[in-house]
Amino acid sequence: MKKEQDLVFDIETMKNASMIDRLPVLEVKAGNLKDPAKIAEKQEAAKNEQIEKMSLSPLYGRICAWCAIDDEGKKYQECISEDTDTAETELIEKAFDLLGEYGKIITYNGNGFDFPFLYRRAALLGCPPSLYGLPPLTAITAKYRNELHVDLMQVWCGSGSYEKLDNIARALINDQKIEIDFREFPELLRTKKGRKKLLDYCMQDVRLTQQIWFRVNGILI
């Protein structure tokens with residue numbers, strides 16, 4: 001039987017180092033450049049930008065951490081300690097196991113990022129959410145349906161609009177995100193201290209989302 005409490009959930013992602021060599025070949029236009037060194041510099045910059053954006057794609061990124069809090073304040077958190085498919089698979093299975101226990105999930109931009117990323121990584125790694133009592137992606141991210149999942153960004157902004165979590169948190173609940181550079185994530189995973197820093201960052205996002213939910217529930221939804 002599913003728990004009656006709501007669960008606030010958030011993921012963190014990073015580049016998948018094993019996929020760097022499998023990135024699409026870039027076509028970098030030289031423009032008016034003639035100097036081979038400058039052309040090479042432009043190509044390198046484009047490649048570095050491509051690598052930095054890997055964390056935004058389920059094809060080339062991976063989930064490195066997730067955190068959750070329920071209405072009673074019970075906290076859950078998981079973080080990988082190595083950049084491998086095996087570690088990520090275990091992380092996803094634990095997330096699905098938890099999500100399947102709750103009747104309603106609360107996220108910030110969960111329709112646009114968290115659930116599409118989570119489910120597509122699950123498809124790539126062979127982790128069917130149905131084994132944990134979860135519906136398919138199309139059901140959990142259905143617009144204008146809030147029985148299973150409430151995306152607070154869509155609730156606040158409306159369909160097709162975007163606002164940063166930090167902006168809403170500062171204005172609505174006088175709190176803010178923890179500053180961190182996502183490019184640090186692979187290095188943070190190498191140590192216990194680093195993993196704690198990553199989880200603290202993710203957990204703060206969950207806290208902010210929950211406080212926003214408490215403020216708008218019954219007013220906006």
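Predicted model: local features only at pLDDT ≥ 70, side-chain atom pairs only at ≥ 80, totals over all residues.

Biologist: What makes β1 and β4 a pair of strands?

Modeller: Two strands pair if at least two bridges are found between them. Strand β1, residues 3-15, and strand β4, residues 102-107, share 4 bridges in the parallel sense, and therefore they count as paired.

Biologist: How do you know that β1 is also paired with β2?

Modeller: The same cut-off of at least two bridges applies. Here 9 bridges join β1 to β2, residues 61-70, and the two run antiparallel; they therefore pair. Two positions illustrate this: the bridge partner of Glu12 in β2 is Ala65, and Lys15 stands opposite Gly61.

Biologist: Which strand does β2 join through 5 bridges?

Modeller: That is β3, residues 75-79, which runs antiparallel to β2. Ala65 stands opposite Cys79 in β3. In the hairpin of β2 and β3, 4 residues lie between the strands, and Gly73 takes a positive phi near 90°.

Biologist: Why is Gln204 called buried?

Modeller: A residue is buried if its relative accessible area is under 20%. The value for Gln204 is 10%, so the residue is buried. Gln204 is placed in helix α8.

Biologist: What makes the pair of Gln204 and Gln176 a polar contact?

Modeller: The cut-off is 3.5 Å between N or O atoms, one able to donate a hydrogen and the other to accept it. A polar atom of the Gln204 side chain lies 2.8 Å from the backbone oxygen of Gln176; the distance is therefore within the cut-off. Leaving out residues up to four places away in sequence, Gln204 touches Asp175, Gln176, Lys177 and Ile178.

Biologist: Which residues have the most contacts inside the largest nonpolar core?

Modeller: They are Phe9, Trp66, Phe96, Leu99, Leu118 and Ile212, in a core of 57 residues. Helix α8, residues 192-216, gives the largest share, 10 residues. Apart from this core lies another, of 5 residues, among them Met19, Leu23, Met54 and Tyr60.

Biologist: What does Ile212 contact, beyond its neighbours within four places in sequence?

Modeller: Ile212 is in contact with Leu152, Leu165, Ile168, Ala169, Leu172 and Ile173.

Conventions. Residues numbered from 1 in each chain as written. Heavy atoms only, no water. Core = buried A, V, L, I, M, F, W, Y, C linked by side-chain atoms within 4.5 Å. Buried < 20%, exposed > 50% of the residue type's maximum accessible area, 1.4 Å probe, protein only. Contact = heavy atoms within 4.5 Å.
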